[in-house]
Amino acid sequence: MNTIIRGKAFVLGDNVDTDQIIPAKYLSYDPSDPEERKYFGMYAMEGVPAGQSGLPYGDRRFVAKDAFKSEYAIVIGGKNFGCGSSREHAPLAIAEAGASCVIAEFYARIFFRNCVNGGHIVPFETAVPLFREIKTGDELEVDVAKGVLINKSQGNKTYSLKPLGDVAPIIEAGGVFEYAKQSGMMKK
């Protein structure tokens with residue numbers, strides 16, 4: 001896991017659900033097949049309603065049309081990020097699009113667990129409604145080890161993030177199975 005994550009912000013609001021993150025019609029792709037897995041990135045955030053992304057009206061795409069990767073590395077959300085169904089494909093889609101981190105006020109429990117279990121993205125929480133302060137396209141830097149977010153586009157404004165706690169080693173290992181192998185709980 002990178003200890004420093006740098007890149008542009010993609011800003012969303014409260015109650016972003018898993019069908020907005022990866023609509024059900026794209027779940028027919030096989031995440032174990034590398035040629036099909038990339039489509040999860042292509043269609044990440046495809047269900048986000050117009051105006052929710054903070055982008056100019058009419059341009060709400062997380063991933064450019066016909067591309068597989070996003071220009072955005074850090075997703076900023078509000079309360080209850082990842083609510084809705086328990087699809088494990090949601091954090092996978094964000095990661096396949098090239099983002100490394102989601103920062104929200106709090107997560108739906110199953111989305112948070114899917115982030116940790118899969119080791120796909122780092123799910124930080126914050127006490128500050130960042131989606132009201134950060135703009136889509138702002139250049140950000142996240143120091144994972146220190147739990148600090150710096151908004152480079154706003155004069156290096158700094159925010160403290162809640163510690164990852166006991167899930168940090170699981171995320172760092174690349175998910176729960178890799179953690180179990182590395183810690184001797186499973187055979188390699």
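This is a predicted model: local features need pLDDT of at least 70, side-chain atom pairs count only at pLDDT 80 or more; totals for chains, interfaces and linings use all residues.
Helix 3 covers residues 89-96. Of its 8 residues, 7 are buried, so the helix is largely enclosed by the rest of the structure. The buried residues are H89, A90, P91, L92, A93, I94 and E96. Their packing partners are helix 1 (18-21), helix 2 (34-42), strand 2 (72-76), strand 3 (101-104) and helix 4.

H89 belongs to helix 3 and has a relative accessible area of 14%. Because buried means under 20% relative accessible area, H89 counts as buried. When neighbours within four places in sequence are left aside, the contacts of H89 are I22, L27, P31 and F40. F40 is also among the residues through which helix 2 meets helix 3.

That meeting of helices comes next. The axes of helix 2 and helix 3 come within 7 Å and cross at roughly 90°. The two helices are therefore roughly perpendicular to each other. On the side of helix 2, the residues involved are R37, K38, F40 and G41, and on the side of helix 3 they are H89, L92, A93 and E96. By class, this contact of helix 2 with helix 3 divides into 3 nonpolar, 2 polar and 3 charged residues.

How does helix 3 lie against helix 4, and at roughly what angle do their axes cross? The axis of helix 3 and that of helix 4 (residues 109-118) come within 8 Å, with a crossing of roughly 55°. Helix 3 and helix 4 are therefore oblique to each other. The crossing in which helix 3 passes helix 4 is right-handed. Helix 3 contributes A90, P91 and I94 to the contact, while helix 4 contributes F111, N114 and C115. In this contact of helix 3 with helix 4 there are 5 nonpolar residues, 1 polar residue and no charged residues.

The open sheet is formed by 7 strands in the order 4-3-2-1-5-6-7, and the pairing is mixed. Strand 4 (122-125) and strand 7 (157-160) are the edge strands, each pairing on one side only. From one strand to the next, the twist averages 30°. Strands of a sheet pair through backbone hydrogen bonds, either parallel or antiparallel. Strand 5 (residues 139-143) and strand 6 (residues 148-151) pair in the antiparallel sense over 4 bridges. Within this part of the sheet, D143 stands opposite V148 in strand 6.

Leaving aside neighbours within four places in sequence, L149 is in contact with I103, L130, I134, L140, E141, V142, K157, T158, Y159 and L161. The C-alpha atoms of L149 and I5 are separated by 9.4 Å, although the two residues are 144 residues apart along the chain.

Conventions
Residues are numbered from 1 along each chain as its sequence is written. Side-chain values use heavy atoms; hydrogens and water are left out. Axes are lines fitted to C-alpha atoms, for helices over the stretch in contact, and angles run from 0 to 180 degrees between N-to-C directions. Angles under 35 degrees count as roughly parallel, over 145 as roughly antiparallel, 65 to 115 as roughly perpendicular and the rest as oblique. A crossing is left-handed if the near helix is turned anticlockwise from the far one by less than a right angle, and right-handed if clockwise. Contact means heavy atoms within 4.5 Å. Ala, Val, Leu, Ile, Met, Phe, Trp, Tyr, Cys and Pro count as nonpolar, Asp, Glu, Lys and Arg as charged, and the others, Gly among them, as polar. Buried means under 20% relative accessible area, exposed over 50%, partly exposed in between (1.4 Å probe, protein chains only). Two strands pair if DSSP finds at least two bridges between them.
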